[in-house]
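Me: I want to learn to read strands, sheets and salt bridges in a model. Can we go through one together?

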Amino acid sequence: MTDEPKWYVAHTYSGYENKVKINIEKTIQNRHLENQIFEVRVPMHDAVEVKDGKKKNVSRKMFPGYVLVRMIMNDDTWYVVRNTRGVTGFVGPGSKPVPLTEAEMKPLGIRVKNISVDFEVGDTVSVVAGIWKGQIGVVQKMDYGKQSARINLEIFGRETPVEIGFAEIRKYS
């Protein structure tokens, strides 16, 4: 077993991907495994669907029947994910999960290298990319596992907490 968090692929019943993601996230909180299981993803991609002669943009699962989990693999984390309702097992030979390689993760938009940041909780930051670009807010919480920060932005005249990736924010000067 390793102390380094890696991405693993859990096989699920088709159509249960989002339920599995939610159930694993609840178990992480209930069992206080935030320092062992860092992130659960159901990778999506945008597609154009033609229905009744009209084009419509839809979001589709990249890998129906699979959920990606970034975790430190040990007996506890293996047991938690493997015994989540809807999970049928890990991808790998027998019961031995095999982590994704950097090459396999790149097309999924998953960063392997950590991003170093020049801000911390309480700092004022500017959003430099994404839908909140141009907004300024205060960092409330930082999650190095997910490489994101929760910042308060003023939306419709109200302070609203928003989670944004480290790559999309810079210290405001």
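Me: In what sense do β8 and strand β9 pair, and over how many bridges?

Reply: First, the ground rules. This is a predicted model, where local features need pLDDT of at least 70, side-chain atom pairs count only at pLDDT 80 or more, and totals for chains, interfaces and linings use all residues. Residues are numbered from 1 along each chain as its sequence is written, and side-chain values use heavy atoms, with hydrogens and water left out. Now the terms. Helices (H or I, at least four residues) and strands (E, at least two) are DSSP runs, numbered from the N terminus. Two strands pair if DSSP finds at least two bridges between them. Here β8 (residues 136-143) and β9 (residues 148-155) pair in the antiparallel sense over 5 bridges. Within that pairing, V138 stands opposite N152 in β9.

Me: Which strands form the open sheet, and in what order?

Reply: The order is β10-β9-β8-β7-β11, with antiparallel pairing across 5 strands. The edges are β10 (158-165) and β11 (169-171), each pairing on one side only. From one strand to the next, the twist averages 45 degrees. For that angle, axes are lines fitted to C-alpha atoms, for helices over the stretch in contact, and angles run from 0 to 180 degrees between N-to-C directions.

Me: Where is S126, and is S126 buried or exposed?

Reply: S126 sits in strand β7 (residues 124-127). S126 is buried, at 18% relative accessible area. β7 is joined to β8 by 3 bridges, and the two run antiparallel. The bridge partner of S126 in β8 is I136.

Me: What does S126 touch?

Reply: Contact means heavy atoms within 4.5 Å. Leaving out residues up to four places away in sequence, S126 touches Q135, I136, E168, I169, R170 and Y172.

Me: How many bridges join strand β3 to strand β4?

Reply: There are 8, joining β3 (residues 44-51) to β4 (residues 54-61) in antiparallel fashion. One example is V48, whose bridge partner in β4 is N57.

Me: How many salt bridges does the structure hold?

Reply: Side chains of opposite charge can pair when their charged atoms come close. The criterion is a side-chain nitrogen of Lys or Arg within 4 Å of a carboxyl oxygen of Asp or Glu. By that criterion the structure holds 5 salt bridges. One of them pairs R60 with E49, at 2.5 Å from N to O. This pair links distant parts of the chain: R60 is in strand β4, E49 in strand β3, 11 residues apart. R60 is partly exposed at 37%, and E49 is partly exposed at 26%.

Me: How far apart are E25 and K21 in helix α1?

Reply: They are 4 residues apart in α1 (residues 17-30), so about one helical turn separates them. E25 is partly exposed at 29%. K21 is partly exposed at 24%.

Me: With which residue does E39 form a salt bridge?

Reply: The partner is R41, with the closest N and O atoms 2.7 Å apart. E39 counts as buried at 12% relative accessibility, whereas R41 is partly exposed at 28%.

Technical notes
Buried means under 20% relative accessible area, exposed over 50%, partly exposed in between (1.4 Å probe, protein chains only).
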